[in-house]
Amino acid sequence: MASSSTPFLHGFGFCPNNSEIVTLLSNKEEDSTFNVEGCTTIKFYDYHPEQLPPTESGNEKMYYFTRLKFKHGGVINRQTPSGGSWMMTGCSKNIKDKYGNPSVKEKSFAYHKASGKKTQWLMKEYTLSNDQNKISGWTLCVVYYKPSR
């Protein structure tokens, strides 16, 4: 029986694999009104991670569609209004479509408070890239809290 807080059966949840992420982002790029249960469309970078609206993903990860914010000069702005920011934690990697062509960039981030102190909030950001390796408008952000050991 499905829980009242999630549209998924007990033991199931929204957890797309790489090819499904390519499809989700492609559909969102083609139609900005495209939505899927378990993934919410918000202005992601306007929120501190603790203030993000809950999603109905059915697991500890939260999925959000968002548009990237750009500073002057075309630099991506991942700073939140509280002064904290999402800082990249590794190298980006390419996810290939079903034909073997790189079509999505995956980047990993950790949230840092305004003081610069790293938090336990982590995020993977998935963005479509075109043939010229330019970033498209929509991004899928997967956020989760990883408690310290």
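Q: Which residue in β6 does Phe 109 stand opposite?
A: Met 123 in β6 is the residue opposite Phe 109. Keep in mind that this is a predicted model.

Q: How many bridges join β5 to β6, and which way do they run?
A: Eight bridges join β5 to β6, and the strands run antiparallel. Strand β6 covers residues 118–129.

Q: What sits between those two strands?
A: Five residues separate β5 from β6, and the pair forms a hairpin. Gly 116 lies in that turn, with a positive phi of about 95°.

Q: OK, other side. What does β4 do with β5?
A: Strand β4, residues 93–96, pairs with β5, residues 102–112, in the antiparallel sense. Four bridges hold that pairing in the model.

Q: Which residue is the bridge partner of Lys 96?
A: Pro 102 in β5 is the bridge partner of Lys 96.

Q: And what stands opposite Ile 95?
A: Val 104, also a β5 residue, stands opposite Ile 95.

Q: What about the turn between β4 and β5, which glycine is in there?
A: Gly 100 is in that turn, and its phi is positive, about 90°. β4 and β5 form a hairpin with five residues between them.

Q: Where does β3 come in?
A: Strand β3, residues 85–88, pairs with β5 too, again in the antiparallel sense and over four bridges. Trp 86 stands opposite Tyr 111 in β5.

Q: So is β5 mostly covered or mostly open?
A: Mostly covered: 10 of the 11 residues in β5 are buried. Buried here means under 20% relative accessible area.

Q: How do side chains sit along a strand in general?
A: In a regular strand they alternate between the two faces of the sheet.

Q: What order do they come in?
A: Starting at the N terminus, the order is α-β-β-β-β-β-β-β.

Q: How much of the chain is buried?
A: Of the 149 residues in the chain, 40% are buried.

Q: And the surface, what does that come to?
A: The accessible surface of the chain is about 9,000 Å², and carbon and sulfur atoms account for 50% of that.

Q: Last one: what share of contacts join residues at least 24 apart?
A: That share is 53%, counted among contacts between residues at least 6 apart in sequence.

Terms used
Residues are numbered from 1 along each chain as its sequence is written. This is a predicted model: local features need pLDDT of at least 70, side-chain atom pairs count only at pLDDT 80 or more; totals for chains, interfaces and linings use all residues. Side-chain values use heavy atoms; hydrogens and water are left out. Two strands pair if DSSP finds at least two bridges between them. Buried means under 20% relative accessible area, exposed over 50%, partly exposed in between (1.4 Å probe, protein chains only). Contact means heavy atoms within 4.5 Å. Accessible areas come from the Shrake-Rupley method with a 1.4 Å probe; for residues, only the protein chains shown count as cover.
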